[in-house]
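User: Hey, can you walk me through this model? I'm new to reading structures.
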Amino acid sequence: TVLALEGSFASVLGGAPAAAVVFAGDVNSRTANDPRIRDLETHITTAAGTDRAALTAELDELRASVRAEKLGEVAAEFDRVHSIQ
């Protein structure tokens, strides 16, 4: 359940929460467009059988790693522009 009062504002403190919540779409887009992800996805489309399964598992691990990296990038960008003061 979400409630809002007229004249109220929502805010996040810090780049990490902002990246994870407010800019999640940007993080996901950056992850999907990362050359490492795109290259591995291309290899998967041409692979078959156990090779394809292994590459798919590798992609899952890579995607998690790249997403964490992109979260950090977006968080740092947010923190450079915004401060708690």
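This is a predicted model: local features need pLDDT of at least 70, side-chain atom pairs count only at pLDDT 80 or more; totals for chains, interfaces and linings use all residues.
User: At roughly what angle do helix 3 and helix 4 cross?
Analyst: Roughly 170°, and the axes of helix 3 (residues 35-46) and helix 4 (residues 49-81) come within 10 Å. Helices here are DSSP runs (H or I, at least four residues), numbered from the N terminus. Axes are lines fitted to C-alpha atoms over the stretch in contact, with angles from 0 to 180 degrees between N-to-C directions.
User: So are they roughly parallel or antiparallel?
Analyst: That angle makes helix 3 roughly antiparallel to helix 4 (over 145 degrees counts as that).
User: Which residues of helix 3 make the contact?
Analyst: Among them are Arg36, Ile37 and Leu40; contact means heavy atoms within 4.5 Å.
User: What does Arg36 touch beyond its sequence neighbours?
Analyst: Leaving aside neighbours within four places in sequence, Arg36 is in contact with Leu62, Val66 and Glu69.
User: How exposed is Arg36?
Analyst: Arg36 is partly exposed, with a relative accessible area of 38%. Buried is under 20%, exposed over 50%, and partly exposed in between (1.4 Å probe, protein chains only).
User: New topic: which residues of helix 2 are buried?
Analyst: In helix 2 (residues 24-32), they are Ala24, Val27 and Thr31.
User: What covers them?
Analyst: The cover includes helix 1 (15-22), helix 3 and helix 4.

Key: Residues are numbered from 1 along each chain as its sequence is written. Side-chain values use heavy atoms; hydrogens and water are left out. Helices (H or I, at least four residues) and strands (E, at least two) are DSSP runs, numbered from the N terminus. Angles under 35 degrees count as roughly parallel, over 145 as roughly antiparallel, 65 to 115 as roughly perpendicular and the rest as oblique.
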